[in-house]
Amino acid sequence: MDALRASELPVALGNGADEWSPDLQLPHSMWEIFGSMDDVAGDALALAFAQKHCAAGGEGWRWLWVQDARSTRSSGRPFLHGLPPPLRSGFIHVEAGSAADALWAMEEGVRCGELSFVIGEIVGDPKVLDFTAIRRLVLAAERNGVMLYLLRREGFANLSAARLRWRVTAAPSALHRWNSMAPGVPRVRAELFRGRGLRPGQFWLEHGVGSHEPDHSLLVVPDLRDRPVEPDYRATG
Amino acid sequence: MWFPTFAIDRWSRITAQQGEEDDLRQPIVLVSDTAHGPVIDAVSRMAMAAGAQSGMRLADARMLAPELVAIPFDHEGNQRTLGKLALATQRWGPWSMVDGYDGILLDSSGSAHLFGGDGPMLTRIETFFLRQGYQCRIACAPNSGAAWALSHYAENRSAITMPDDLPEALAPLPVAALRLNSETRLLLARLGLKTVGDLMEVPRESLVRRFRNRRSAEANPLVRLDQVLGRKHEPLVPLIEHPPFGAERRLAEPILHLEPLQHIVGDITHDLMRILEQAKHGVRRLSLRLWRVDGEDMYRTLELASPSRDPDHIIRLFVQRLDDVEAGFGIDQIRLTAIWTEPLDGAQDTLDKLDTSGTALPVLIDRLVTRLGRDRVAQFVPRSSHWPERSQRVAAPGKTSAAVQYDLGFNQRPLKLLARAEPISVIYATPEGLPRRFRWRGGLHVIVKAEGPERIAPEWWRQRANARLRDYYRIEDEAGRRYWIYRNGLIGDGRGGPPDWYLHGFFA
């Protein structure tokens, strides 16, 4: 089974020992992002990934955001004025009632070649979201080359066919450029715990989603050690 | 055909249909607003008895009869009803047209003998309209101008078939029967020409000389006279009905099962798409009507995001909607009607077209809307409002809207917004400042970084007077989670108790 799946993979995926980096262009497939119910670190990271890895179509970005009822209730709906400006006009929001409907909408979404990417949000571990369902989504996404980011809020990382699996938690933001008391450019702590052809690892990622840095793209923050020192350093003069 | 009290008749008919008979016993005037206040357009019989006349200002009429009930005049509805009546009259003649605000012209040449001649046909038409509740004065003449004059001004109902009889019939009518404007009517009155007969006796040369500068027909009595007597042709524009595209199947054997039903729906969809292809139209809204043997009927409607005539796409959407059809003793008639169509030409594929695989976006939207419902698939559009909940609205997906103004970006906005802000219990707070810690969903959050306040005042032109302002803070807790919280109101703003705190949005 494993060999079968490996044989389906495109060759460009790496030789199994590669370190993941934001600049690595992987073939479009489905990534699973595990996150918490109480923050949107995973959503923001998915948008950052999409802006980095997916190409806009002829009329700008066209994308789909599918939410099931529980995720709408717990984490709200996307807010137009907080989305990255290029992504604002071309997105379609789908509010599916059940997880089954959400999965169906995601599958229909990745089947549409005019979309750049699809974000799907599911809370918990519904019964319909089993290995087979995820495998279906992976195959549909790979066949049409439409990226699918499946956000799992409070989900348990069962057996899954997703190509890359991330566990994302919020991290203290970077220092604000002018206001040391204010939250700065957002950062997340992302753990790649399963990546086909990639070495698992932990990353501190900084992305410009929702901040006022227009050209800020996804990058790996090398180290966080000297960051808390800075306000104290300034305070002492 | 002339309907002297068309507006009032239509209003009475509608009121009676709604079962409000008490209104019919009041003196009704129909008014429309003008620059000089409401003006009466039509009066009911009771109002006329009380002294109101059409053309009066409502204020003047109220002085005569204070008990008048004024109701707005429905110009558009009247015109629409008149159009429908005109189409209905095509049962007596090949074509008809709407004439002004209260008349219908019908060309009955060659068809009167089917109804027993002109006289019986007129009786029949009049009874038809009377039964519908419309007073109708009707006349028949060799040309439309004469028919108009006779219907409006003749003493009795007249049916004239020979052009030679026209001068005799028209002579006693007043000159207003020639459809002249008020200025010309006044002029003719000053000249002492009161009836059409007077005008006919005037030598033609002097009329030509007197009105040589008047080009428009309604200002030139000679042109009108020629039209009425049939010496001059008057072009008319017939009303043509465009029946909606449709396809139908009647079944000899009623069907009870889903599978043959799907098959037949597929067949008639193919039929309809073939019709549409010939007409170069694409369908936007479809209605499927199923009749059962016992006379019950069922509807299924379908709306598409963009005009289409792809049968496979439409069949696929319909098949999902057919699961809950109750066949009962069987379905024996099926009709598919394209309620709303748009012109759709064949499109040429370009060679340099991007090779996109999979379904097209409109198809995707149709599928999502059909399965999940129209209110669940949306596109967000900004709306001019400061209030965060109001600053975006949902629109039907698929339409690329014109250039829109987004938030100006002075302040950062959260990535996601809760539909309803959740209250947070503040554990420690300076009275005016921001809380140091708060409890939300059972977890304790210590605020490490904060930016604010950003004060968003209620929109007084929209909200209630006691709506409280909000002081928004962008905060980050010790774990790095970033939230948008606000204090609802100020201490001592006189709009409720001490202000409470809410969590409204999530920052990236």
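Visitor: Which elements of chain B do the buried residues of H14(B) pack against?

Guide: They pack against helix H13 (258-279), strand E7 (281-292), strand E8 (297-308) and helix H15 (361-372) of chain B. Keep in mind throughout that this is a predicted model.

Visitor: Which residues in helix H14 of chain B are buried?

Guide: Start with the general idea. An α-helix has 3.6 residues a turn, so residues three or four places apart point the same way. In H14 (residues 311-321) of chain B, the buried residues are Ile314(B), Leu317(B) and Phe318(B). Around the axis they cover an arc of only 95°, which puts them on the same side of H14(B). The face turned away from that buried side carries Asp312(B) and Gln320(B), both exposed.

Visitor: How many Å does H5 of chain B reach from its first C-alpha to its last?

Guide: Helix H5 (residues 75-88) has 14 residues and reaches 20 Å, close to the 20 Å expected at 1.5 Å a residue. The same check can be run on H2(A): its 13 residues should span 18 Å at 1.5 Å a residue, and its end C-alpha atoms are 18 Å apart, which agrees.

Visitor: How many of the residues of H2(A) are buried?

Guide: 11 of the 13, so H2(A) is largely enclosed by the rest of the structure. Among them are Ala41(A), Gly42(A), Asp43(A), Leu47(A), Ala48(A) and Gln51(A).

Visitor: How many residues does the largest nonpolar core have?

Guide: The general idea is that in soluble globular proteins, nonpolar side chains tend to be buried together. Here the largest nonpolar core has 108 residues, and those with the most contacts inside it are Ile33(A), Ala44(A), Leu45(A), Val118(A), Leu148(A) and Tyr149(A). Helix H2 (residues 41-53) of chain A gives the largest share, eight residues. Domain 2 (246-343) and domain 3 (416-506) of chain B both give residues to this core, so it lies between them. Another core, of 58 residues, lies apart from it and includes Ala61(B), Phe73(B), Ala177(B) and Leu178(B).

Visitor: Which residues does Tyr149(A) touch?

Guide: Leaving out residues up to four places away in sequence, Tyr149(A) touches Trp31(A), Ile33(A), Ala46(A), Phe49(A), Ala50(A), Phe117(A) and Ile119(A).

Visitor: How many residues of chain A are in contact with chain B?

Guide: 44 residues of chain A are in contact with 45 residues of chain B. On the chain A side, the elements giving two or more residues are H2, strand E4 (77-78), strand E5 (91-95), helix H4 (99-110) and strand E8 (164-171). By type, the residues on that side divide into 19 nonpolar, 14 polar and 11 charged.

Visitor: Where does Ala55(A) lie, and does it count as buried or exposed?

Guide: Ala55(A) is in the loop between H2 and strand E3 (63-67) of chain A.

Visitor: What is the phi of Lys280(B)?

Guide: Near 55°, a positive value in a residue other than glycine. Lys280(B) lies in the loop between H13 and E7 of chain B, and with 12 C-beta neighbours inside 10 Å it counts as exposed. Arg441(B) is another case: its phi is positive, about 50°, although it is not a glycine. Arg441(B) lies in the loop between strand E13 (435-440) and strand E14 (443-456) of chain B. Because it has 11 C-beta neighbours inside 10 Å, Arg441(B) counts as exposed.

Visitor: How many helices and strands are there in chain B?

Guide: There are 15 helices and 17 strands. Of the 508 residues in chain B, 31% are buried. Among the contacts in chain B with a separation of 6 or more, 52% are between residues 24 or more positions apart.

How values were computed: Residues numbered from 1 in each chain as written. Chains lettered and ligands numbered in written order. Predicted model: local features only at pLDDT ≥ 70, side-chain atom pairs only at ≥ 80, totals over all residues. Core = buried A, V, L, I, M, F, W, Y, C linked by C-beta atoms within 7 Å. Buried ≥ 20, exposed ≤ 12 C-beta atoms within 10 Å, placed from the backbone. Helix = DSSP H or I, 4+ residues; strand = E, 2+ residues; numbered from the N terminus. Domains from an automatic or database assignment. Contact = placed C-beta atoms within 7 Å. Expected span 1.5 Å × (residues − 1). Nonpolar A, V, L, I, M, F, W, Y, C, P; charged D, E, K, R; others polar. Arc of directions from axis to C-beta.
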